[in-house]
Amino acid sequence: MLDYQDLHLKYVMGKNLSAEEFYHLEKWYEEQDQQEASQITNHSDIKEPSIGQIQDQIDLLLEQITGGLLQIKTLTEENNALKNSNETLRLQLINMLNQKAA
């Protein structure tokens, strides 16, 4: 039994095939092409979305992105407020420790 994938690999690696091997490989390629064509034909009834549907999807994605950006902005502002608060507390602690040490 011929292993067509091995023949294919041998062929694409530039190794010589016998006339018989090459014949069988060509037949296998033809079978593969027919199978692919059959699969494409079986899926040809799938309808393409309309421009309106695509635009609706784009609008929805833009809304989601905008919402995500607003959340990031809010979190960034909250994070900055916490950093400022931490810095204030750190300075207060340093002052308290300096007063106790003096």
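This briefing describes the helices, side-chain pairs and surface of the structure shown above. The model is predicted: local features need pLDDT of at least 70, side-chain atom pairs count only at pLDDT 80 or more, and totals for chains, interfaces and linings use all residues. Residues are numbered from 1 along each chain as its sequence is written, and side-chain values use heavy atoms, with hydrogens and water left out.

**Helix H1**

- Helix H1 covers residues 4-12, and at its start a side-chain oxygen of Asp 3 comes within 3.2 Å of the backbone nitrogen of Gln 5.
- Helices here are DSSP runs (H or I, at least four residues), numbered from the N terminus.
- After H1 comes Gly 14, which has a positive phi near 85 degrees.

**Aromatic pairs**

- The structure contains 3 aromatic pairs, a pair being rings of Phe, Tyr or Trp (its six-membered ring) with centres within 6.5 Å; planes under 30 degrees apart count as stacked, over 60 as edge-to-face and the rest as tilted.
- Tyr 4 and Trp 28 make a stacked pair, 5.9 Å centre to centre with 10 degrees between the planes.
- Because Tyr 4 lies in helix H1 and Trp 28 in helix H2 (residues 19-42), this pair ties together parts that are 24 residues apart in sequence.
- Trp 28 counts as buried at 15% relative accessibility, whereas Tyr 4 counts as partly exposed at 26%; buried means under 20% relative accessible area, exposed over 50%, and partly exposed in between (1.4 Å probe, protein chains only).
- Tyr 4, Trp 28 and Tyr 29 form one aromatic cluster.

**Salt bridges**

- A search of the whole structure finds 3 salt bridges, each a side-chain nitrogen of Lys or Arg within 4 Å of a carboxyl oxygen of Asp or Glu.
- Glu 21 pairs with Lys 10, their closest N and O atoms being 3.4 Å apart; this links distant parts of the chain, with Glu 21 in helix H2 and Lys 10 in helix H1, 11 residues apart.
- Glu 30 pairs with Lys 27 at 4.0 Å between the closest N and O atoms, and both residues lie in helix H2, about one turn of the helix apart.
- In Arg 90 and Glu 87 the closest N and O atoms are 2.7 Å apart; these residues are 3 apart in helix H3 and so are separated by about one helical turn.

**Nonpolar surface**

- Ile 54, Ile 58, Leu 61, Leu 62, Ile 65, Leu 69 and Ile 72 make a nonpolar surface patch of about 640 Å².
- Patches are made of residues with over 30% relative accessible area and no salt bridge; like charges are joined within 9 Å, and nonpolar side chains (Val, Leu, Ile, Met, Phe, Trp, Tyr) within 5 Å.
- Leu 62 is found in helix H3 (residues 51-101) and counts as partly exposed at 47% relative accessibility.

Technical notes: Areas by Shrake-Rupley, 256 points an atom, 1.4 Å probe, with all protein chains shown as cover. Helix = DSSP H or I, 4+ residues; strand = E, 2+ residues; numbered from the N terminus. Polar contact = N/O pair within 3.5 Å; in protein donor to acceptor, adjacent residues only side chain to side chain.
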